[in-house]
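Reader: Put the model up, please. I'd like to go through it one question at a time.

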Amino acid sequence: MTLESLGNLGEFVGSLAVLITLIYLARQYHQSIAEKHTESLNVALGTHVHRIAQITATDEDAELFRRFCEDFFALSLNDRGRVHAVMLDLLLSFNQVLRLNTSGMLDDQEFEAIRGTFISILRTAGGRAWWEAFKHMTPEFLNTSVSAMIDDDNIRVGPFTEEQSFLFK
């Protein structure tokens, strides 16, 4: 084997090594992106579900939530402020879930379950009153989406007071 043949073989082997390395790095990159998407999805869903769970976590919170569902404006100013903070947290986390679904990262069945719970809260008398008082402060996409969902007869959930009646009787 001549020195020139050996040089050509070395170039060929070197080219294969670079190609294999690039393929490996591309796979690692895609796997890393997929893991980050999954992690983001889990954080967003976990945050939203945790916020829903916290609504009735203590006796005081449960009682405030019951009164909110009946009549937001019958609450004292301080209680309205507390409920408003809770609802802002829920709205923020629902917006993340909505955007995940819109981008195709969250499948429709999971989204529908989460949407159903959130919309059923807004379908209570107090939830509707809060939304009407606050919706003008939200981004147009969120305002339009949530307002349409509240009135959408195809979303087959009633007010939270009916859907989760065991919390109210």
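Author: A patch joins residues with over 30% relative accessible area and no salt bridge, taking like charges within 9 Å and nonpolar side chains (Val, Leu, Ile, Met, Phe, Trp, Tyr) within 5 Å. Areas are Shrake-Rupley values with a 1.4 Å probe, and for residues only the protein chains shown count as cover. This is a predicted model, where local features need pLDDT of at least 70 and side-chain atom pairs pLDDT 80 or more, while totals for chains, interfaces and linings use all residues. Residues are numbered from 1 along each chain as its sequence is written, and side-chain values use heavy atoms, without hydrogens or water.

Reader: What area does the nonpolar surface patch cover?

Author: Its residues are Met1, Leu3, Leu6, Leu9, Phe12, Val13, Leu16, Leu19, Ile20 and Ile23. Together they make a nonpolar patch of about 1,100 Å².

Reader: How does Leu6 count in terms of accessibility?

Author: Leu6 sits in helix 1, residues 3-54 (helices are DSSP runs of H or I, at least four residues, numbered from the N terminus). Buried means under 20% relative accessible area, exposed over 50%, and partly exposed is in between. The relative accessibility of Leu6 is 47%, so Leu6 counts as partly exposed.

Reader: Which residues does Thr124 touch?

Author: Thr124 is in the loop between helix 4 (108-122) and helix 5 (125-134). With 2% relative accessibility, Thr124 counts as buried. Leaving out residues up to four places away in sequence, its contacts (heavy atoms within 4.5 Å) are Cys69, Pro159, Phe160 and Thr161.

Reader: Which helices do the buried residues of helix 6 pack against?

Author: Start with the buried set in helix 6: Leu142, Asn143, Ser145, Val146, Ser147, Met149 and Ile150. Those residues pack against helix 3 (77-102), helix 4 and helix 5.

Reader: How many residues apart in sequence are the parts that Arg82 and Glu60 tie together?

Author: A search of the whole structure turns up seven salt bridges (a Lys or Arg side-chain nitrogen within 4 Å of an Asp or Glu carboxyl oxygen). In one of them, Arg82 meets Glu60, N to O, at 3.5 Å. Arg82 is in helix 3 and Glu60 in helix 2 (residues 59-70), so the parts tied together are 22 residues apart.

Reader: Which side chain pairs with Asp79 in a salt bridge, and where does the partner lie?

Author: The closest N and O atoms of Asp79 and Arg67 are 3.0 Å apart. This pair links distant parts of the chain, 12 residues apart, with Asp79 in helix 3 and Arg67 in helix 2. Asp79 is buried, at 12% relative accessible area.

Reader: What is the relative accessible area of Asp151?

Author: Arg128 and Asp151 meet in a salt bridge of 3.7 Å, N to O. They link helix 5, which holds Arg128, to helix 6, which holds Asp151, across 23 residues. Arg128 is partly exposed at 36%, whereas Asp151 is exposed at 56%.

Reader: Which residues do salt bridges that share partners join into one network?

Author: Two pairs from above come back here, Arg82 with Glu60 and Asp79 with Arg67. Salt bridges that share partners make one network of Glu60, Asp61, Arg67, Asp79 and Arg82.

Key: Helix = DSSP H or I, 4+ residues; strand = E, 2+ residues; numbered from the N terminus. Buried < 20%, exposed > 50% of the residue type's maximum accessible area, 1.4 Å probe, protein only.
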